[in-house]
Amino acid sequence: MNQAVAIEETDLLTQAQQGDRAAFGELVCRYHSRVINIVYRLCADASLAEDAAQVAFLNAWQRLAQFRPTAAQGSFRNWLYRIAVNAALDILRREKVQVNIEQMPLAAPGAGLDASLEQQELIRQVRQAIIALPEASRVVLVLKEYEGLSYREIAETLEIPLGTVMSRLNYARNQLAMRLRSVMEVV
Amino acid sequence: MNGHIERWLDAYLDDELEATLRSQVETHLTSCLDCQKLLAQRSALSTLLLQVPAAQGLKPEARFAAEVGLLIAQRPHLRPSVKQELRQWLFNDTSRNLGWLAVPIGLLLAGIFIQTVAGLSSVLALIPGPHQEILRQISMAQPVPVLANPQLWSGMLSGLGWFDLLQWDWLSELLALGAISLLYLAWLAGWLVHNQRRFALQDQINALTGKQ
């Protein structure tokens, strides 16, 4: 099954590289939620995340002719993730967006009234702690914790050494553990 | 395993450790309360992070894809520039490796060539009479292509002074092989520097997986 999906993705990629927009549209649908998830975790703003994701897909389309699934560039997924991460960070830097954690929705609209205030406060604090991390560490943390990428895949995606992945992840987790100590004790 | 294992805990938690090291970490954990506490803290942190919900209130996937479709409709693929193409070719793994391999292969061929010519020179030295006369008779006896004419090459190389291949003595041969060896060592040094990052990465991978 996985192999079938992989082969199909390769076909889609080949067609898209030849200018087939429908094939690229299919790739967009496949990676839409994952790309949005990454950029959202990085900028903590759904609207901004959608903009960044659109920029990422547009950039991916324009650079598609240059993509080669080699050891240097990695898989299409990792290549796309790298573009998405860069798009998110570019938007955050260019627009100098100051994400206001206080004004973030405390809970998802669909969460209903059952979501306790304590839980909402906890989520707010965690988001705040993640956003407060340096970009480099935040990216590694998001790819590990929310995308479940292996160390090697993260290294490939961000084009950094494996040791750097480990040190950035360790730094991010230490920072979060320090900032969220009181929260974790309650939990 | 001596001491604490903080450096391995993240990799252990993320299931990135090789079986042997993983087993050592587990053994250590059974007897170390500090590391147990740290592991529990790390585990609780991961659980806490997963409580943050994904983005909500997003556009439907089809609408998002349609919007991206509109965005790309007016934008063709960007063709890589000549510089990018050249860069890709130069830094492409295959061509880069072939490029690096070409140097020692070239040096090896040069060494073989020098050894062959030196051997030929020794054989000629055993034959009485001047070598040029023998070569002249050979070339007159059977016509040879211009480029394969040994007289031509010998004459051209004689123009370089001492570099007369067919009159090399053991000292010339030694010097030539020494020069090739030096070139090889220079290539080796360059290759090591070039691959330093890769070796460092491999060391990290070995450290991570516990391989020696």
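Predicted model: local features only at pLDDT ≥ 70, side-chain atom pairs only at ≥ 80, totals over all residues.
Figure 1. Of the 187 residues of chain A, 39% count as buried. The secondary structure of this chain consists of nine helices and zero strands, so that its elements read α-α-α-α-α-α-α-α-α from the N terminus. Where contacts in chain A link residues at least 6 apart in sequence, 62% of them join residues at least 24 apart.

**Figure 2. Close-up of helix α3 of chain A.** The helix covers residues 46-63, 18 residues in total, and its first and last C-alpha atoms are 25 Å apart, close to the 26 Å expected at 1.5 Å a residue. Its buried residues are A:L48, A:A49, A:E50, A:A52, A:A53, A:Q54, A:V55, A:A56, A:F57, A:A60 and A:W61. Within chain A, the buried residues of α3 pack against α2 (21-43) and α4 (76-94). They also pack against α4 (61-73) of chain B.

Figure 3. Most residues other than glycine have a negative phi. A:A44, which is not a glycine, has a positive phi near 55°. This residue counts as buried because 21 C-beta neighbours lie inside 10 Å, where 20 or more are required.

Figure 4. B:D15 has a positive phi of about 55°, although it is not a glycine. This residue counts as exposed because it has 8 C-beta neighbours inside 10 Å, and the limit for exposed residues is 12 or fewer.

Conventions. Residues numbered from 1 in each chain as written. Chains lettered and ligands numbered in written order. Helix = DSSP H or I, 4+ residues; strand = E, 2+ residues; numbered from the N terminus. Contact = placed C-beta atoms within 7 Å. Expected span 1.5 Å × (residues − 1).
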